[in-house]
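Please open the model in a viewer and follow the stops below in order. Each stop names a selection and then describes what is found there.

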Amino acid sequence: MPHSEKMSPVDTTWLRMDRPNNLMVIVGVLKLAGPVNVDRLEKAIVDRLLVYRRFRQRVETRPAGTWWVEDPDFDPARHIHRIRLPGEGGDPELEHFVGEQAAIPLDHAIPLWQIHIVEGFQGGAALVVRIHHAIADGIALIGVMLSLTDEMHMLSGGGKAAGREAAKEEEEDDHDDWLHQMFAPLGQALKLGGKLSNKGLKYAAEIPSNPGRALDYLREGTSILSELAGLILMSNDSQTPLKGKPHGIKRVAWSEPMPLAEVKALSRGLGCSVNDILLSSVAGAINSYIADRGETTDGVEIRALVPVNLRKEGRQIELGNRFGIVALELPVGIDNPLERVFEVRRRMDQLKKSYEAPVTFGLLSALGYAPKIAQDLLFDTLLSRATAVMTNVPGPQFPMSIAGSQISQIMFWVPQAGDVGIGVSILTYNGKVQFGLITDAALVPDPKAIIAGFRPHFERLLYHTLMEHEGADDEAPAQSYAAARRAEN
C-alpha cells in the first residue's frame, strides 16, 4: 500500500487557495553560466530533489481530510522538461515564458511540481521551477534549491543530511493542536525571511517549553487577540492602477543585479537597515509608475503582505509552510527619498514589536480545519485590503553551482492570493541584489516600467544623502559614488 501522510492544516489552507486567476504556485528561476552538461544537470536534479519524499507524493482528498500519498506511477519525466526559447532566447523571452508558466495550473493527478530546463540560454541554461505552495513556502523552496547545489550536496554527505532532515520534517507529530501551533512560533528564530528580534519575541521564546506562560502574557496585556482583530478590521489601502480584479494572465520582469555593497554603505550612512533602503526604493519606483500614468501620488499608501519565516534556525530545508504574514504600508505618497526611507524604518520598527506574524500563522492553521467557504470569505476580506505580496530573502553571499555549472542569478516569486495582482521579490545572492516583479496583465501589463525605477530611486536617495552630508549641488556626486562602488565590486 502506498505510504501516505495527512496534510497539515496550514498546508491544506494553501492547497485550497488556488484560483484560476491566481494559482498558489511558487515560481523560481536559476540562471546557469555555460558550459552546461544538460544530461548531468537533469540527473543531479532528480537525484538530489527526490531525497524529499514530498516530491514523489500526490494529493488525495478523503472523507477524513487531505493526504499526501506516494504516487505508484511516479516518473521524473512527467515533471522535468527540456525546452528552447524562441527568437534570441534572452531575458525578454525567458520573462515571457516564466509569465506563461505562472498562469498554468499544476496537474493534481501527480506530485505538484515541475521544472523546465531551458537549454542554450545565454550560452548556458536556466531552470524554471514551479512548486505548489502546499508543498513548501518560499523559504523552504530556497532551501530546497540550495540543496540541489554541488556545494550543499557535498556538505550534506551526498544528500544524506538533507534526507534525514526531510524525513524528520515529514514524520513530525500530527498537526491537530492548532492552538499550540499558534503560540509555538513565537519562540522560533527568524532566519532567511528577516529577523524580528524584539522584546515580544524574546518573552514568547519561553512559551514552547512552558505553554502556561501564554495565559500569563495574555493577562499581562500581550494583545494577540487585538492583533487578530486589527488584521480583520484594517482599512483598505489606496486605490491605484495596481489594484483591481486580476484576470489570470501574468507578466514577469527583473532588474539587473545591483552590488549589495552599495546598499550597505548607504544604510550605514543613514542608520537604516538594508531592508529599509530596498523597500524605500520599491516605494519610489511605484510612485514614479503611478505618476507617469497621470495619477496623483499624494498620500498614497500601498499595503504589501510580507511573509515572515517562523522556522527554527537550521531548519530551512524542511518542507511545508511555517511562516506568518505582516502587513506593511509602503509610503508611496512621500516623494522626498529621505523622508520616505525614515518613514519606512519607523513602520518596520513598529512591525518588529508586533505579533502579526505568529498570529497569522495560527490563523492559517485554524482555517485548515474550517470549511473552504469560511476560508474564502475571510481571506477575500483580508486580501481585498492589500495591493501586493512582497518577499525579501537574503541568499548565500558566495557563488554556487549545480552539476558543475555556476549559478549566475537566482529569482523567485511567491503567489498572490485572492485578488492581489502584484508580487515583489527582492533577493540577494553572491554580493548582489536582485529585484523582480510578477504582475497580472489586467493591472500592470508592463512590469518593466516599475522595475526601471528601482535603481534610479536608490541613486536619488543616495544623492539626497550626500546633499545632506556634503552640501552637494547636483546629482554628479551620487552618480560618481555609485560608479565607484560598482567598480569596487
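Predicted model: local features only at pLDDT ≥ 70, side-chain atom pairs only at ≥ 80, totals over all residues.

Begin by selecting glutamate 88, which lies in the loop between β5 (80-83) and α3 (91-102); helices (H or I, at least four residues) and strands (E, at least two) are DSSP runs numbered from the N terminus. Glutamate 88 counts as exposed because its relative accessibility is 77%, where exposed means over 50% relative accessible area, buried under 20% and partly exposed in between (1.4 Å probe, protein chains only).

Residues are numbered from 1 along each chain as its sequence is written, and side-chain values use heavy atoms, with hydrogens and water left out.

Next, display the whole protein chain, which contains 18 helices and 16 strands. Of its 489 residues, 59% count as buried.

Now select Phe55, Leu94 and Leu127, which touch the most other members of the largest nonpolar core, a set of 139 residues. Such a core consists of buried Ala, Val, Leu, Ile, Met, Phe, Trp, Tyr and Cys residues joined through side-chain atoms within 4.5 Å. Helix α12 (residues 274-292) supplies the largest share of this core, 9 residues. Centre the view on leucine 94; residues up to four places away in sequence aside, its contacts (heavy atoms within 4.5 Å) include Phe121 and Trp254.

Proceed to α12 together with helix α13 (residues 337-352): they pack at about 125 degrees, with their axes 9 Å apart. Axes are lines fitted to C-alpha atoms, for helices over the stretch in contact, and angles run from 0 to 180 degrees between N-to-C directions. The two helices, α12 and α13, are therefore oblique to each other; angles under 35 degrees count as roughly parallel, over 145 as roughly antiparallel, 65 to 115 as roughly perpendicular and the rest as oblique. Among the residues that make the contact are Ile277 and Ala283 of α12 and Val341 and Met348 of α13.

Finally, select helix α14 (residues 356-367) and helix α15 (residues 372-383), which pack at about 150 degrees with axes 10 Å apart. Hence α14 and α15 are roughly antiparallel to each other. Leu363, Leu364 and Leu367 of α14 meet Gln375, Leu378, Phe379 and Leu382 of α15.
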